[in-house]
Amino acid sequence: MNAHEIDYQIIGEEMQCVEIVLDPAESVVAEAGSFMMMDDGIQMETIFGDGSQAGPSGLMGKLMGAGKRLLTGESLFMTIFTNRSHSRKSVTFAAPYPGKIIPLDLDQLGGKVICQKDAFLCAAKGVSVGIEFQRKLGTGFFGGEGFIMQKMEGDGLTFVHSGGHVIEKHLSHGELLRLDTGCLVAMTQNIQYDIEFVKGVKSALFGGEGLFFATLRGPGTVWVQSLPFSRMADRILSASRIGGRKEEGSVLGGLGNLLDGR
């Protein structure tokens with residue numbers, strides 16, 4: 001195997017973190033800002049790219065590889081944590097918002113997984129973290145994730161995070177799954193990803209679910225989140241615009257706020 005063989009434990013329910021246990025000389029690479037805590041003996045180093053040695057070598061090659069990360073809205077740098085002691089040590093990473101952390105064994109998933117562009121959390125050293133372009137024009141414009149998604153390649157463990165609860169769906173050959181464009185977390189490489197216009201004028205205009213579905217056709221595995229971060233952010237922003245209290249259980253509602261001077 002090219003990737004380091006790491007052990008892990010996922011801790012928590014709604015606000016999860018993942019504890020990675022490293023043998024001496026083993027390493028894990030993580031997204032900048034995901035670090036939570038580590039044992040004495042773990043060395044932290046900031047690097048360009050993911051440290052997988054995949055792709056072009058040399059300074060220009062590393063700069064180009066790291067520069068691609070800007071297209072997914074990520075930092076140019078990643079952080080690598082290496083156990084420099086003579087005993088097993090642990091380092092812990094936390095998800096940035098409420099939801100679930102999903103462990104993905106790339107060796108069992110065909111060596112490649114494609115995910116939404118901000119889903120990557122951490123991975124064993126040797127896993128390559130890159131970008132995946134959506135070749136279809138309609139999928140790029142209306143698919144919810146844009147033209148660029150993240151991809152993880154290799155044979156090691158990688159961890160992605162999502163919002164709310166996560167459902168893992170196994171699609172057989174030709175089986176079709178329709179979902180909200182923001183609810184896709186990750187999929188294996190053989191899944192055919194496309195978009196579909198919502199049928200019916202009333203459903204499209206007044207259904208409140210948008211004009212497009214994401215369509216995923218098997219064979220392969222799909223991970224679906226119940227609460228996309230964008231949906232949660234929209235609800236928070238909407239509530240903040242109301243101002244003051246919101247009389248959820250009152251018949252008067254906003255009128256009650258007006259009557260008591262709010």
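Trainee: Which backbone oxygen lies 3.0 Å from a polar atom of the side chain of Ser-85?
Mentor: The backbone oxygen of Ser-87 lies at that distance from the Ser-85 side chain. Please bear in mind that this is a predicted model, in which local features need pLDDT of at least 70, side-chain atom pairs count only at pLDDT 80 or more, and totals for chains, interfaces and linings use all residues. Residues are numbered from 1 along each chain as its sequence is written, and side-chain values use heavy atoms, with hydrogens and water left out.

Trainee: And which side chain does the side chain of Ser-85 join in a polar contact?
Mentor: That of Asn-83, at 2.7 Å. A polar contact is a pair of N or O atoms within 3.5 Å; within protein, one must be able to donate a hydrogen and the other to accept it, and residues adjacent in sequence count only if both atoms are side-chain atoms.

Trainee: Where is Ser-85 found?
Mentor: Ser-85 sits in the loop between β6 (77-83) and β7 (89-94). Strands (E, at least two residues) and helices (H or I, at least four) are DSSP runs, numbered from the N terminus.

Trainee: Is Ser-85 buried or exposed?
Mentor: Ser-85 counts as buried because its relative accessibility is 16%; buried means under 20% relative accessible area, exposed over 50%, and partly exposed in between (1.4 Å probe, protein chains only). Leaving aside residues up to four places away in sequence, Ser-85 touches Pro-24 and Gly-41, a contact being heavy atoms within 4.5 Å.

Trainee: Changing topic, what about Met-37: where is its place?
Mentor: Met-37 belongs to strand β4. Met-37 is partly exposed, because its relative accessible area is 45%.

Trainee: How many helices and strands does the chain have?
Mentor: There are five helices and 19 strands. Of the 262 residues, 45% count as buried. Among contacts between residues at least 6 apart in sequence, 77% join residues at least 24 apart.

Trainee: What pLDDT does the chain average?
Mentor: The average is 79, and 71% of the residues score at least 70; pLDDT is the predictor's confidence in each residue, from 0 to 100. Over residues 137-146 the pLDDT is below 50, though this stretch has 25 contacts in the model beyond near neighbours in sequence. Residues 258-262 stay under 50 as well, with four contacts beyond four places in sequence. Where pLDDT is low, the predicted coordinates should not be read in detail.
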